[in-house]
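Subject: Structure for you to look at

Hello,

Here is the structure you asked about, with my notes below it. Please open it and read the notes alongside.

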Amino acid sequence: MKTHLISQVILKYLSGLMFLILLIFIPAGSLDFWKGWLLVGLVFLPMLLIGILLFLYKPDLLRKRLEMKEKEKEQKQIIFLSSLLFLTTFILAGLDYRFSWFQVPSLITWCASFIFLASYLLYAEVLRENNHLFRIIDVQDQQNVISTGLYGIVRHPMYLATLGLFLSIPLILGSLLAFLVMLLYLPIINQRIKGEEAFLEKNLEGYQEYKNQVTTKIIPFLW
């Protein structure tokens, strides 16, 4: 079983690495795009570390996070829109580098890199706190509501982490244009949260009470 899991993880890791490299450098038209290589390192080095830790300590969670097939029709549409948004953002960032449309200063790239790493640490902490944090919206047997740690502050700390990760990506790549496009992630993730909470209210005992207790979705005092 673990051998099969290792094979799955390695295949997804290498295919994801290759896909991201192609997605960044083909539109950029050059391998000299240093901000592109910076992003590749920022994405895949922490991912490798987290993958190893999950395999050693939470293999069931790792196995579940490899599942990408949503069951809810509305969530499938949201995943499709998210994928389209990401493709558009990376292509625009590469073209922005090639044609020097709206490039941001390198200082912004380094600040965005810091936000990206901080968000990755937040992501890792959420994985530590929640053993039911799967990519698809579902409720597992004996799943209970988690209301401590980060979940005692906001209901969706994982989405807070993804906001930091995804909104910093186009700035790491140095593209203001791509960043403006990536802002469309905000209404997309808002719709996903609405669908997820409606599902959890119906299928996870105690979730409504948890919503009443923790009123902030993602960002304290804002959202």
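In helix 1, the residues Lys-2, Leu-5, Ile-6, Tyr-13, Gly-16, Leu-17, Leu-20, Ile-21, Ile-24 and Phe-25 meet Gly-36, Trp-37, Leu-39, Val-40, Val-43, Phe-44, Leu-45, Met-47, Leu-48 and Phe-55 of helix 2. Contact here means heavy atoms within 4.5 Å, and helices (H or I, at least four residues) are DSSP runs numbered from the N terminus. Sorted by class, this contact has 17 nonpolar residues, two polar and one charged. Ala, Val, Leu, Ile, Met, Phe, Trp, Tyr, Cys and Pro count as nonpolar, Asp, Glu, Lys and Arg as charged, and the others, Gly among them, as polar.

The model is predicted: local features need pLDDT of at least 70, side-chain atom pairs count only at pLDDT 80 or more, and totals for chains, interfaces and linings use all residues. Residues are numbered from 1 along each chain as its sequence is written, and side-chain values use heavy atoms, leaving out hydrogens and water.

Next, the aromatic rings. The whole structure holds 12 aromatic pairs, meaning rings of Phe, Tyr and Trp (its six-membered ring) with centres within 6.5 Å; planes under 30 degrees apart count as stacked, over 60 as edge-to-face and the rest as tilted. Phe-25 and Trp-37 make a tilted pair, 4.4 Å centre to centre with 35° between the planes. Because Phe-25 lies in helix 1 and Trp-37 in helix 2, this pair ties together parts 12 residues apart in sequence. Phe-25 is buried at 6% relative accessible area, while Trp-37 is partly exposed at 39% (buried is under 20%, exposed over 50%, partly exposed in between; 1.4 Å probe, protein chains only). Phe-25, Phe-33, Trp-37 and Tyr-97 form one aromatic cluster.

Tyr-120 and Tyr-123 have ring centres 5.8 Å apart and planes at 80°, so their pair is edge-to-face. They sit three residues apart in helix 5 (residues 106-129), which means about one helical turn between them. Tyr-120 is buried at 9% relative accessibility, and Tyr-123 is buried at 14%.

Last, confidence. The chain averages a pLDDT of 87, and 91% of the residues score at least 70; pLDDT is the predictor's confidence in each residue, from 0 to 100.

Regards

Key. Helix = DSSP H or I, 4+ residues; strand = E, 2+ residues; numbered from the N terminus.
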